[in-house]
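Biologist: Please take a close look at the pockets and cavities of this model, and tell me what surrounds them.

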Amino acid sequence: MKKLVLLAVCMLASAMMYAGGYRVSLQGHKSLAMGHTGVALIDSSELVFFNPAGLVFLEDKLNVSGGAFGVFSDVVYQNETTGAFAQTDSPTGTPFYLYGSYQVTDWMAVGLGVYTPYGSSVAYEDDWAGSHLVNNIELAAIFIQPTVSFKISDVLSVGGGPIYVTGNVNFNRNLSRTLTDLEGNRSEVTIDATGVTNWGWTAGVMVRPSENLTIGANYRSEIILNADEADATFENIPNSPLTPFVDTKASASLPLPAEMTVGVSYKFCKKWTAAFDYNRAFWDVYESLDIDFENPNLTDSFNARNYKNASTVRFGLEYKATKMFTLRAGYYFDESPVQGGFFAPETPRNDSNGYTGGLTVNLSDRFQIDASFLYLHFKEVDASYDAYFENGVAAPFSGKYKSSAFVPGLGVTYKM
């Protein structure tokens with residue numbers, strides 16, 4: 001039963017599934033509307049995230065972009081053999097971003113970004129069939145990224161900077177499939193961690209062989225989140241020496257994988273721009289989830305994940321319809337890093353197709369309103385999690401999962 005809490009720090013990872021694993025790809029309205037492309041697009045301070053090397057190519061002295069999204073998601077689970085059924089009741093997530101860039105000289109620009117690439121929530125019905133694995137998860141992780149961009153020549157620039165991460169997480173699950181107190185209430189544990197922090201970095205390069213063609217590449221480092229003082233709270237525990245669960249502290253580590261993105265954009269027919277990005281996330285760093293309990297009476301736990309590296313391909317189009325309106329559309333295919341036998345319901349995601357669109361309304365030479373939407377459809381999967389053991393006996397959990405998400409959003413851009 002000690003293993004039950006091993007997923008506790010998975011809370012650190014378990015944002016709802018809008019990209020491979022527990023990554024949330026909502027970092028800018030202009031870019032999202034074009035299929036979340038951006039590593040080779042020069043259009044706003046969203047470059048702070050997508051490729052800081054491009055900031056020095058922005059025409060504006062000052063460019064500030066901010067926005068938020070409403071995340072409406074749904075997961076349906078069913079085991080056709082047992083008849084078990086569950087549907088998530090996930091509160092609306094609100095990822096946000098705020099970027100700013102400033103042209104210091106004609107060869108140097110600086111920028112700052114605050115954004116949420118990991119953060120949402122998943123909540124199943126109480127005592128559902130998989131409650132011994134997860135009941136609900138809430139995660140909020142904020143990235144703060146100062147950057148600098150240098151123009152090496154008229155066609156080449158580089159940029160990058162450090163990334164500071166701070167996050168909070170809450171996770172709840174039942175202790176086992178059957179354990180209750182004398183009143184029949186299911187025994188459960190809640191793990192709560194606040195102020196989880198660490199540092200990483202990002203670096204990019206951009207090449208512009210002509211006014212119409214741009215090539216970009218960006219690398220984001222792996223960041224390890226260490227929860228050293230998480231609170232483990234137990235409820236509805238039967239009074240027995242066989243169940244020595246008492247509130248304690250716990251520690252665990254979770255990797256946010258390194259990512260490499262390369263891409264190209266091309267302007268044609270004066271008003272049209274096409275973009276393509278290829279992203280590779282190095283998920284193989286996430287081999288297992290180990291939890292160390294401060295209470296020596298509780299056995300430390302191990303939970304295999306065995307993620308594999310995964311790719312995302314992205315396509316986008318932009319059309320400058322009029323001086324006032326710019327229209328965008330895009331598509332991306334996101335490969336799941338989850339391997340067979342390790343499909344856990346706290347991140348119930350599979351290969352997915354993302355369909356995007358949006359527009360910018362130019363209210364003046366300085367103010368823009370940006371809007372975007374994403375419809376994410378996941379391939380239905382009949383999968384299992386085979387790494388759960390109860391009293392030393394394997395207890396696989398399997399079933400079919402159907403998942404989808406709709407994400408509208410609004411933002412503003414100011415430039416001068």
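**Cavity and pocket linings**

Modeller: In this predicted model, the lining of the second largest cavity is made up, by class, of eight nonpolar residues, one polar residue and three charged residues. The residues that line this cavity include Phe49, Pro117, Tyr118, Phe143, Ile163, Ile223, Leu256 and Pro257, together with Ser221 and with Arg23, Arg220 and Glu259. Its volume is about 100 Å³, and the count of cavities of 30 Å³ or more comes to three.

Turning to the largest pocket, about 880 Å³ of space lies within it, and the elements that each give two or more residues to its lining are β12 (259-268), β16 (310-320), β17, β18 (352-362) and β23. Among these strands, β17 gives the most, with three residues. The lining of the largest pocket numbers 31 residues, and those that lie nearest its centre are Ile42, Asp43, Glu59, Lys320 and Lys415. By class, this lining holds 13 charged, 12 polar and six nonpolar residues.

Leu327, which has its place in strand β17, is partly exposed because its relative accessible area of 38% falls between the limits of 20% for buried and 50% for exposed.

Note on methods:
Residues numbered from 1 in each chain as written. Predicted model: local features only at pLDDT ≥ 70, side-chain atom pairs only at ≥ 80, totals over all residues. Heavy atoms only, no water. Helix = DSSP H or I, 4+ residues; strand = E, 2+ residues; numbered from the N terminus. Buried < 20%, exposed > 50% of the residue type's maximum accessible area, 1.4 Å probe, protein only. 1 Å grid on protein atoms, 1.4 Å probe; cavity = no way out; pocket = protein on both sides within 12 Å on 5 of 7 lines; lining within 4 Å. Points joined across faces, edges and corners; volume = space filled by probe spheres on them. Nonpolar A, V, L, I, M, F, W, Y, C, P; charged D, E, K, R; others polar.
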